[in-house]
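Dear colleague,

My findings follow directly after it, arranged by region.

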Amino acid sequence: SGFHAMDEHFRSAPLHRNVPVLLGLLGVWYVNFFGCQSWAVVPYDHCLRRFPAYLQQLFMESNGKSVNLLGEPVGYTTSPVVWGEPGTNGQHSFFQLLHQGTVLVPCDFIGFCEPQSSLEHHHDFLIANLFAQAEALAFGRSAEEVAARGVPAGLVPHRTFPGNRPSTMLMAPRLTPRTLGALIALYEHVVFTQGVVWSINSFDQWGVELGKELADRIVPELRGSGALAHDPSTNAWIEYYRARRSRKA
């Protein structure tokens, strides 16, 4: 039912209140006007730990195109690199780059008001971190604020946060099958919206075919001993594999 509800929203809501359209256009804005080449998805719920991986396939396989609907080079950037981790993992790995790095990475934060477990107090800490990260990305902390906290002058530049780092917050009362369906449909319509703006076909994946075709050719070569006719690098790796691959009788 969540899929259907989001489908109906996308079909009937006016553009200025249409969530997939707004998110899709926001993504185009960051990619084509700010030069952002990647986009992070950070769910604050361990049950969605593989959701960023699903979105990788959805976005990059659908919109990772360099030719438009007329078969012409597009001449502009299309899909960004999509990646992410649950927030509790990300805070201790890539959040440093998000806050103080030299590249601009828009983020989608996903959270829920009700926990999946009985650890009510723990969930409050989790969501507090979600809100805190979004606030820190948006507003940062100036050098004057850092100095006013008594930080030694030599450390002030290191503890200054520039802010003005974009993020989008998606919140729902609880993670349910309906909510998950709505989330999936939301991002599917975002992909479609961006494909329309970029004038590309979001529904083909020719980019995966060449590798499969070459793999079909290489499989018997790995098991044989005949001459190879690939490029020098591929030939060398096949020969390396042949020489070290043990075969059971």
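Helices and strands are DSSP runs, numbered from the N terminus, where a helix (H or I) needs at least four residues and a strand (E) at least two. Please bear in mind throughout that this is a predicted model.

With that numbering, Ser-79 sits in the loop that joins α3 (51-63) to β2 (81-83). Its relative accessible area is 18%, and because buried means under 20%, Ser-79 counts as buried. Beyond its neighbours within four places in sequence, Ser-79 contacts Phe-59, Met-60, Asn-63, Gly-64 and Trp-198.

Ser-62 belongs to helix α3 itself. Ser-62 is also buried, with a relative accessible area of 9%. Setting aside residues up to four places away in sequence, the residues touched by Ser-62 are Gln-57, Val-191, Asn-201 and Ser-202. The C-alpha atoms of Ser-62 and Gly-195 are 8.2 Å apart in space, although 133 residues separate the two in sequence.

Helix α8 (residues 177-198) contains 22 residues. From its first C-alpha to its last, α8 reaches 32 Å, close to the 32 Å expected at 1.5 Å a residue. Ser-199 follows α8 and has a positive phi, near 55°. This serine is a residue other than glycine with a positive phi value, and it is found in the loop between α8 and α9. At a relative accessible area of 28%, Ser-199 is partly exposed.

Helix α9 (residues 209-223) has 15 residues and spans 23 Å between its first and last C-alpha, close to the 21 Å expected at 1.5 Å a residue. Where does the kink in α9 lie? It lies at Arg-217, shortly before the proline Pro-220, and amounts to about 25°.

A positive phi also occurs at Asn-164, where the value is near 60° in a residue other than glycine. Asn-164 is placed in the loop between α7 (143-148) and β4 (167-172). Is Asn-164 buried or exposed? Its relative accessibility is 68%, and Asn-164 therefore counts as exposed, the cut-off for that class being over 50%.

The axes of helix α1 (residues 2-12) and helix α2 (residues 19-33) come within 8 Å and cross at roughly 75°. On the α1 side the contact involves Met-6, His-9 and Phe-10, which meet Val-19, Pro-20 and Val-21 in α2. The residues of this contact comprise 5 nonpolar, 1 polar and no charged. As background to reading such positions, an α-helix has 3.6 residues a turn, so residues three or four places apart point the same way.

Finally, Gln-133 is part of helix α6 (residues 120-139). Gln-133 is buried, with a relative accessible area of 14%. Not counting residues up to four places away in sequence, Gln-133 touches Tyr-44, Gln-91, Phe-95, His-99 and Phe-109.

With kind regards

Key:
Residues are numbered from 1 along each chain as its sequence is written. This is a predicted model: local features need pLDDT of at least 70, side-chain atom pairs count only at pLDDT 80 or more; totals for chains, interfaces and linings use all residues. Side-chain values use heavy atoms; hydrogens and water are left out. Axes are lines fitted to C-alpha atoms, for helices over the stretch in contact, and angles run from 0 to 180 degrees between N-to-C directions. Contact means heavy atoms within 4.5 Å. Ala, Val, Leu, Ile, Met, Phe, Trp, Tyr, Cys and Pro count as nonpolar, Asp, Glu, Lys and Arg as charged, and the others, Gly among them, as polar. The expected span of a helix is 1.5 Å times one less than its number of residues. The bend at a residue is the angle between axes fitted to the seven residues ending there and the seven starting there. Buried means under 20% relative accessible area, exposed over 50%, partly exposed in between (1.4 Å probe, protein chains only).
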